[in-house]
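Have a look at the model on the screen, and I'll talk you through a few parts of it.

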Amino acid sequence: MHSGEAVVDVRNLCVAYGTFEAVKDVSFTVARGSAFGLVGPNGAGKTSTLKVLAGLLRPSGGVAFVQGHDVVRERNDVVRNIGYMADFFGVYDYLTVREYLAFFGGMYGLTGGALETGIREAIGMVALETKRDARIATLSRGMKQRLYLARALVHRPAVLILDEPASGMDPRGRDEMVRLLKTMIEGGTTIMISSHILDELRDLCTVFGVMEAGRLVGVHGLHDGDASITADVRYLLSTSVAERERAFSWARTVATVTQAEVVPDGVCVTLAGGDDAACALVRSAVEAGIRISLPRATASDLKDMFLRMTKGELS
Ligand SMILES: Nc1ncnc2c1ncn2[C@@H]1O[C@H](COP(=O)(O)OP(=O)(O)O)[C@@H](O)[C@H]1O
Ligand SMILES: [Mg+2]
């Protein structure tokens, strides 16, 4: 039915608010233990997509699975397996840090010793030990954000869904969060994280889905943390046949593209400037409205995934 390796599997997802379509025919998969970044400007449909995956919003079309569970029909199984951090704070100012985590841990079904352990570990992971009995109202904005992350961790979920978690954090808090999330990925946690700022996700994510106006306009795989690559790199930009000439003309206008040629699957470009240039290329594609997927030509596993996705053949 669906791949055992895909922890998140989204197929032809649509979300409508009344007659307005906020998410249009979006399909992607997230492999176990990876970090998938959803990037795109405000209003692109990131939050709507993540809410569907968290079981909080019913899609108007398509299906989505988290760990093989249908987010609509098996919502309870989904909720138990995920930690969700929304893009806003709840108002619980009168609770202490400990009470807040106990409340949400309880909602996830934790009791007794398991609840106490979950609370202690979550507080430790976000370094709020000294604020354990402080009221939330007295915390700084960055501390509140960390507490909110702890809430998503308290039941040790296999999948973390984080909607713009870095907003409101200072640079140090952001670095600490990235470090924490990296440790969790090493431990086998799968992470989906959104941001309207691509650079915020560069240190963490290895695969990026780029959304604009409700559509997934590109998926970009990055080598594992290898930001030191500065040599020219060849990429295959997969495009539809209809878009090929337009993509070729666009590619030749991008400053960091040193060479471009039309090939059977799309357009092949040589990029100078390493991963920064690759990110800029994706940004430029979004701005120009070019629909591409962008696997590094050497990453055959990623490439296969993208090719399946672009043909809509997720099985
Ligand atoms: N509850 C809602 N009712 C009507 N429109 C909504 C609602 N939530 C979001 N939208 C609209 O859907 C689009 C996508 O929103 P959202 O998923 O929040 O995007 P993003 O997280 O990328 O900023 C936006 O145009 C937004 O105004
Ligand atoms: Mg949002």
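So, which residues sit around ligand 1? They are Tyr17, Phe20, Ala22, Gly40, Asn42, Gly43, Ala44, Gly45, Lys46, Thr47 and Ser48, where being near a molecule takes a C-beta atom, placed from the backbone, within 6 Å of it. Keep in mind that this is a predicted model: local features need pLDDT of at least 70, side-chain atom pairs count only at pLDDT 80 or more, and totals for chains, interfaces and linings use all residues. Residues are numbered from 1 along each chain as its sequence is written, while chains are lettered from A and ligands numbered from 1 in the order in which they are written.

By class, that shell has four nonpolar, six polar and one charged residues. Here Ala, Val, Leu, Ile, Met, Phe, Trp, Tyr, Cys and Pro count as nonpolar, Asp, Glu, Lys and Arg as charged, and the others, Gly among them, as polar. Strand S2 (20-31) and helix H1 (46-53) each supply at least two of the shell residues, and H1 gives the most, with three. Those labels are DSSP runs numbered from the N terminus: helices are H or I with at least four residues, strands are E with at least two.

Next, the sheet. Six strands form an open sheet with mixed pairing, in the order S6-S7-S8-S3-S9-S10; two strands pair if DSSP finds at least two bridges between them. At the edges, S6 (82-85) and S10 (215-221) each pair on one side only. Inside the sheet, S3 (residues 35-39) and S8 (residues 190-195) run parallel, joined by five bridges. One of the bridge pairs is Val39 with Ser195 in S8.

Now the helices. How are H3 and H5 arranged? H3 (residues 97-107) packs against H5 (residues 141-153) at about 30°, with the axes 9 Å apart. Axes are lines fitted to C-alpha atoms, for helices over the stretch in contact, and angles run from 0 to 180 degrees between N-to-C directions. The two are therefore roughly parallel, since angles under 35 degrees count as roughly parallel, over 145 as roughly antiparallel, 65 to 115 as roughly perpendicular and the rest as oblique. On the H3 side, Val97, Tyr100, Leu101 and Phe104 meet Leu147, Ala150 and Arg151 of H5, with contact meaning C-beta atoms, placed from the backbone, within 7 Å. That contact has six nonpolar, no polar and one charged residues.

How values were computed. Contact = placed C-beta atoms within 7 Å.
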